[in-house]
Amino acid sequence: MATSSSPVSGVAERYALSLFELARDEGQIDSVESELTQFGRAIDENSELKAFVESPLFSAEDQVAAVSAIVESSRPSPLTGNFLKVVAANRRLFALPGMIRGFQQMAAAHRGEVEAEVTSAQPLDDNQRRELGETLGAYAKKTVTMRETVDPAILGGLIVKIGSRQIDTSLRTKLNSLKLALKEVR
């Protein structure tokens with residue numbers, strides 16, 4: 001995982017790594033990943049929960065009580081439930097989305113997968129998706145899972161991010177490069 005100067009990402013990386021190592025040792029990577037993904041989805045879909053997670057105004061006791069209630073109702077594995085309670089007790093709920101992303105990335109790497117973020121001007125059809133997946137898999141020498149985004153502003157082509165590498169073949173970038181080249185000719 002890339003290092004960052006942001007204290008939030010540093011906290012998130014340390015917690016995610018600790019949880020990943022425990023889950024790996026107990027053979028629970030897939031179940032913990034699934035439970036964290038569900039919890040992350042709940043944060044994204046519930047504005048009150050999102051505000052609670054992001055707010056520094058709640059005491060550790062309030063955060064632990066709320067997270068304990070959520071854990072009690074959703075009944076995740078003891079490892080996931082205890083992890084969420086520790087995060088709340090240490091007043092680190094604000095970094096939980098980063099912890100979840102970090103864990104997901106570590107789990108994917110453990111399975112020999114890499115995620116590619118693909119931005120296109122129009123949705124890819126099944127044939128394009130399959131061909132791009134095969135090409136990226138050969139490039140990365142790993143199984144590639146693609147997260148697709150449609151952005152009509154790129155006009156055409158693709159922007160692909162794998163790890164810290166970005167390949168930008170978008171028409172917008174090519175036109176901007178041409179515009180710069182024409183300005184230099186004057």
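The structure is a predicted model, in which local features need pLDDT of at least 70 and side-chain atom pairs count only at pLDDT 80 or more, while totals for chains, interfaces and linings use all residues. Residues are numbered from 1 along each chain as its sequence is written, and side-chain values use heavy atoms, with hydrogens and water left out.

**The largest pocket**

- The largest pocket has a volume of about 770 Å³, a pocket being an open set of points on a 1 Å grid over the protein atoms alone, where a 1.4 Å probe fits, with protein on both sides within 12 Å along at least five of seven lines.
- Of the 21 residues that line this pocket, Arg 101, Gln 105, Val 114, Glu 115 and Gly 163 are the closest to its centre, and a residue counts as lining when it has an atom within 4 Å of a point.
- The volume is the space filled by probe spheres set on the points, which are joined across faces, edges and corners.
- At least two lining residues come from each of α6 (96-110), β1 (113-120), β2 (143-150) and β3 (158-162), these helices (H or I, at least four residues) and strands (E, at least two) being DSSP runs numbered from the N terminus.
- With six residues, α6 gives the most to the lining of the largest pocket.

**Salt bridges**

- The structure holds 11 salt bridges, each a side-chain nitrogen of Lys or Arg within 4 Å of a carboxyl oxygen of Asp or Glu.
- One of them joins Arg 147 and Glu 115, whose closest N and O atoms are 3.5 Å apart; because Arg 147 lies in strand β2 and Glu 115 in strand β1, this pair ties together parts that are 32 residues apart in sequence.
- Arg 147 is partly exposed at 41% relative accessibility, and Glu 115 is partly exposed at 37%, on a scale where buried means under 20% relative accessible area, exposed over 50%, and partly exposed in between (1.4 Å probe, protein chains only).
- Arg 130 and Glu 134 meet through their side chains in a salt bridge of 3.3 Å, N to O, and they are separated by about one helical turn because they are four residues apart in helix α7 (residues 126-140).
- Arg 130 is partly exposed at 43% relative accessibility, as is Glu 134 with a relative accessible area of 49%.
- Salt bridges that share partners also join Asp 30, Glu 33, Arg 111 and Glu 113 into one network.
- Between Glu 113 and Arg 111, the closest N and O atoms of the salt bridge are 3.4 Å apart, and Arg 111 is partly exposed, with a relative accessible area of 36%.

**Two buried residues in helices**

- Thr 80, placed in helix α5 (residues 78-89), is buried with a relative accessible area of 2%.
- The side chains of Thr 80 and Glu 35 are joined by a polar contact of 2.5 Å, which is a pair of N or O atoms within 3.5 Å, where within protein one must be able to donate a hydrogen and the other to accept it, and residues adjacent in sequence count only if both atoms are side-chain atoms.
- Not counting residues up to four places away in sequence, Thr 80 touches Val 32, Glu 35 and Leu 36, contact meaning heavy atoms within 4.5 Å.
- Gln 63, in helix α4 (residues 60-74), counts as buried at 3% relative accessibility.
- Leaving aside neighbours within four places in sequence, Gln 63 is in contact with Phe 52, Ser 55, Phe 58, Ala 88, Arg 91 and Leu 93.
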